[in-house]
Amino acid sequence: MGITYNEADRVFHLQAGDTSYAMQIYKDGYLAHLYWGKKVNKINPEELIIKRERPSFSANPDINDKTFSLDTLPQEYPAYGNTDFRSPAYQIQLENGATITDLRYESHKIFKGKAKLQGLPATYVENDDEAETLEIALVDELIGLKAVLSYTVFKNFNAITRNVRFINDGKQNLKLLRGLSMSVDFIRNDFDFMHLFGSWARERHIVRETLRPGIQYIDSKRGASSHEHNPFIALLSRDCTEENGEAYGFSLVYSGNFLAQAEVNMYKTTRISMGINPFDFSWLLEPGETFQTPEVVMVYSDRGIGKMSRTYHKLYRTRLCRGKFRDSIRPILVNNWEATYFDFNADKIENIAKVAKELGIELFVLDDGWFGHRNDDTSSLGDWIADKNKLPDGLDNLANRIHDLGLQFGLWFEPEMVSPDSDLYRAHPDWCLHVPNRSRSTARTQLVLDLSREDVCEYIIDAVSDILRTVKVDYVKWDMNRNMTEIGSALLPATRQRETAHRYMLGLYKVMDTITNSFPNILFEGCSGGGGRFDPGMLYYMPQIWTSDDTDAVERLKIQYGTSIVYPASTMGAHVSAIPNHQVHRNTSLKMRGDVAMSGNFGYELDLTKLTENEKEDVKKQISQYKSLRKIIQFGDMYRILSPFGGNETAWIYVSENKEEAFAAYFRVLDQPNAPIRRLKLKGLDPNRYYVIDGKSGVYGGDELMYIGIAIPQLNGDFKSVVWRIKAK
Ligand code: DGJ
């Protein structure tokens, strides 16, 4: 690992894990991109920037050099308007209305460790020896604009993080119209473009398409990272598979509006850019002010998508997630949402909890409907006071009853929202996002609180903290059930209205930071109608997220498989629910529902009092099985084997880091007449060790299990699964 600067040829060479990334200060201070890929010892810049005269439609900044145009130079942080016709990384408007700026190298510094990002979530180090950081200051002397590009390389990960800090050192107001976190140019376009696409209850399906000339992009204008697009894209070499080929991943540590795009231009180069969505955004930078962009985590893999994912998994599990629960096994929970919806009282809850205890469950979670007078979704958000009708003896009494049973107690909140029918809204109608004289669109009969305001943030911190201080709560589910409309703030001046959505995110992060730090012994789980904000930004505050509101075992195969492209199992909430399934009305076996949910943070979301005695026995077995496996699943390495996007079968395996234990799972959706005999080739085991498998006599070589495979038993009927627990001898 390390970062070097060679004064002779002005080349920066960054090495992270077994990756190299190189840049050069080119000509009069342009920052050119040279290389990103497998680690090399030496970089020859003249082999990487090939000068060539192009037609007059690529202009030349220097009248004496027709071989030089920014349109053909691979760059690190490009501008628009002075010869580069591709999409810029940033754009700034001056007081005279002009948008031409020209950033050139001024200085740089290299230091050990990694600096924190002001007000934003980011990966971190625990010890300065884990990483090295390069900060390159670019300046536009004419206007006193400075952009500090920051690059961190990790010793143990093929990961480079980037962010940018804009500083107005000049005398005039500057308006940031676009301020992306990174840009990188590849002198090739022979890639596929991969991203994670979905909707509510169908999150993060994998899309892989040929990279075409022009612009391919995903974005969010929803005020949240969204169910629709995850803030992640990858470029894959055309031959890239799970195990082979090159993969370049880009993951934005941010939970709001974003843009991620690939642009192939006429010279068949590819530019990737990522950051806060410039759409409906601007930021006024007065003299002396600074703007910090979010962080992008860039991962290179020379061995396929699988290795890229495992790099993200470990980095995010150990150096993005924080707090006491980061490294501790996660409890098995039961949540009452699909069991009761809004229709519950303390006795009903206690009865479910009693069965939960009998079965070995560790945590009871009380979901929506415990506060105000909320018997449906039309009221009470914002009034975080227990409902005396449902809980006449109070919430603390219920929490005590649950604890007395020997279970932990968890509680649902949706702190960012307000119902028009609430005391909070009646008292503060200007506390929601809105625009003067326009209607306030509702979704699920609720409005979004304006977290760009400090008073609103303080209210949320106080209201949530009051409950957490007075009631014995061990876990919080932090939900968010709509996207933003009429995005405006009553407190911001006209010139800053387009800052509202980003200021909301800064407010939200501050609220989450304050609350999670004040209650370090509470496990927080993020949620946004399931996985509507399943992003790295959230994981910095909450180490797990409810993956999807779709609990159907078959639908979950694609959702969890797609989610695993970036996020580790320890971050994914996965529950067994009742049949017919509430989202797709499908009947699947309890076994398959259990086997799918076990590939995440396991739990139940059904009325346990309605289980038959036989089902209870099966559930007990699932629970004790998961207890013995969860360490491998939550903290092991994941290898995907068969993709649900490829057909009828899905398989994956989790292997402990020391390769001593593994948990493999195979799922078949539909039965086939006269089905062929199938073997499953496992992955990730030690080829030189011997293993035993629960339920099978005999000893198997790791090589045998991986290269010959394990026989899949005959399975009759639809929706079947098999799991194997594997141990080194
Ligand atoms: C959406 C969540 O994803 C569900 O799990 C549940 O908590 C509901 N909201 C409650 O309103």
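Q: At what angle do the axes of helix α4 and helix α5 cross, and within what distance do they come?
A: In this predicted model, the axes of α4 (residues 346–359) and α5 (residues 395–404) cross at roughly 20° and come within 10 Å.

Q: Why are α4 and α5 called roughly parallel?
A: Angles under 35 degrees count as roughly parallel. The crossing angle here is roughly 20°, and α4 and α5 are therefore roughly parallel to each other.

Q: Is the crossing of α4 and α5 left-handed or right-handed?
A: The α4 and α5 crossing is right-handed.

Q: Which residues of α4 and α5 meet?
A: From α4 come Ala346, Asp347, Ile349, Glu350 and Ala353, and they meet Leu398, Arg401 and Ile402 of α5. Sorted by kind, the residues of this contact are five nonpolar, three charged and no polar.

Q: What makes the radius of gyration of the protein agree with that of a compact globule?
A: For 729 residues, a compact globule would have a radius of gyration near 27 Å, and the protein has 27 Å, so the two agree. Along its principal axes, the C-alpha trace spans about 85 × 70 × 45 Å.

Q: Which domains does the domain assignment give?
A: The assignment gives domain 1 (2–319), domain 2 (333–418 + 454–483 + 514–632) and domain 3 (649–728). Between the C-alpha centres of domain 1 and domain 3 there are 40 Å.

Q: How many helices and strands does the protein have?
A: The protein has 13 helices and 39 strands.

Note on methods. Residues are numbered from 1 along each chain as its sequence is written. This is a predicted model: local features need pLDDT of at least 70, side-chain atom pairs count only at pLDDT 80 or more; totals for chains, interfaces and linings use all residues. Side-chain values use heavy atoms; hydrogens and water are left out. Domain bounds come from an automatic or database domain assignment. Axes are lines fitted to C-alpha atoms, for helices over the stretch in contact, and angles run from 0 to 180 degrees between N-to-C directions. Helices (H or I, at least four residues) and strands (E, at least two) are DSSP runs, numbered from the N terminus. Angles under 35 degrees count as roughly parallel, over 145 as roughly antiparallel, 65 to 115 as roughly perpendicular and the rest as oblique. A crossing is left-handed if the near helix is turned anticlockwise from the far one by less than a right angle, and right-handed if clockwise. Contact means heavy atoms within 4.5 Å. Ala, Val, Leu, Ile, Met, Phe, Trp, Tyr, Cys and Pro count as nonpolar, Asp, Glu, Lys and Arg as charged, and the others, Gly among them, as polar. The radius of gyration is taken over C-alpha atoms; the globule rule is 2.2 Å times the number of residues to the power 0.38.
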